[in-house]
Amino acid sequence: MKFLQVYAVVDSNYRLLWVGGEWDEFALQNAARNALANTVLSTSLMAHIAGEETRALTAQMIDTVLKQKRPLRLEYRCDSPSLARKFQLTIQPMKDNRALLVHDLRDAWHFSTPLNLWRYDPAAPDCKCSFCGNVRFANASDWTTCDEIGDRHPTVVTYEVCAGCRAEVAKAIEEVLIGTSANSAVEGGNIER
Ligand SMILES: [Zn+2]
């Protein structure tokens with residue numbers, strides 16, 4: 001498994017101040033040529049995220065970290081047509097109300113049948129979850145995992161968030177909030193400097 005780590009630093013308006021790690025390689029692997037490091041700096045992170053709810057949840061996670069000054073962790077999938085990839089996102093508070101986003105590749109495996117290559121179109125009838133990659137076909141109510149979709153994967157998708165991932169994001173945010181209150185109960189206040 002190839003090691004992969006991607007970093008980004010954003011301010012409280014989600015503006016990209018710095019990107020690092022294997023950002024360019026990752027963007028190229030994902031055919032996101034317009035997302036190369038030189039061109040994304042000082043743009044909004046939100047301009048590079050597809051799907052309204054995905055943007056809203058990402059903003060909510062960053063806001064929570066900045067407010068509580070505690071890190072948040074979330075596992076998600078970001079697959080390529082041939083490779084299933086499991087990542088961990090860590091959002092870390094930094095000074096001056098900035099946040100560091102670290103994406104760590106934790107696991108990867110080849111699909112038994114590669115997926116069709118897909119592109120984003122907000123008007124597409126089929127839908128993909130931004131966080132687990134599962135697909136909800138037009139007129140279906142259930143989500144199907146990419147591990148079982150193979151060459152039935154739609155070639156055009158819109159992005160939403162499935163109920164399972166919505167719950168995972170809520171849990172990750174809740175852990176930050178609970179951690180803060182548990183911390184202040186034990187320590188009697190802010191233990192940072
Ligand atoms: Zn999902």
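## Strands and sheet

Strands are DSSP runs of E with at least two residues, numbered from the N terminus. Two strands pair if DSSP finds at least two bridges between them. This is a predicted model, in which local features need pLDDT of at least 70, side-chain atom pairs count only at pLDDT 80 or more, and totals for chains, interfaces and linings use all residues. Residues are numbered from 1 along each chain as its sequence is written, and side-chain values use heavy atoms, without hydrogens and water.

Cys129 stands opposite Glu160 in strand 9. Strand 7 (residues 127–129) and strand 9 (residues 156–160) run parallel, paired over 3 bridges. Both belong to an open sheet of 4 strands, with order 6-9-7-8 and mixed pairing. Strand 6 (119–120) and strand 8 (135–136) form the edges; each has a single partner strand, so one side of each lacks a neighbour in the sheet.

## Zinc site

Cys129, Cys132, Cys162 and Cys165 coordinate the zinc ion through their SG atoms, at 2.2 to 2.3 Å. Donors are N, O and S atoms within 2.8 Å of the metal (3.2 Å for Na, K and Ca). Along the chain their spacing is C-x2-C-x29-C-x2-C. The 4 donor atoms subtend angles of 105 to 113°, so the arrangement is tetrahedral (all angles between 85 and 135 degrees).

Cys162 is buried, at 8% relative accessible area. Cys165 is buried too, at 10%. Buried means under 20%, exposed over 50%, and partly exposed in between (1.4 Å probe, protein chains only).

## Other cysteines

The whole structure holds 0 disulfides (pairs of cysteine sulfur atoms within 2.5 Å). For Cys127, the nearest cysteine sulfur is that of Cys129, 7.9 Å away. Cys127 is buried, at 1%. Cys78 is partly exposed, at 22%.

Note on methods. Four donors count as tetrahedral if all angles lie between 85 and 135 degrees; four count as square planar and six as octahedral if opposite donors are over 155 degrees apart and all others between 65 and 115; anything else is irregular.
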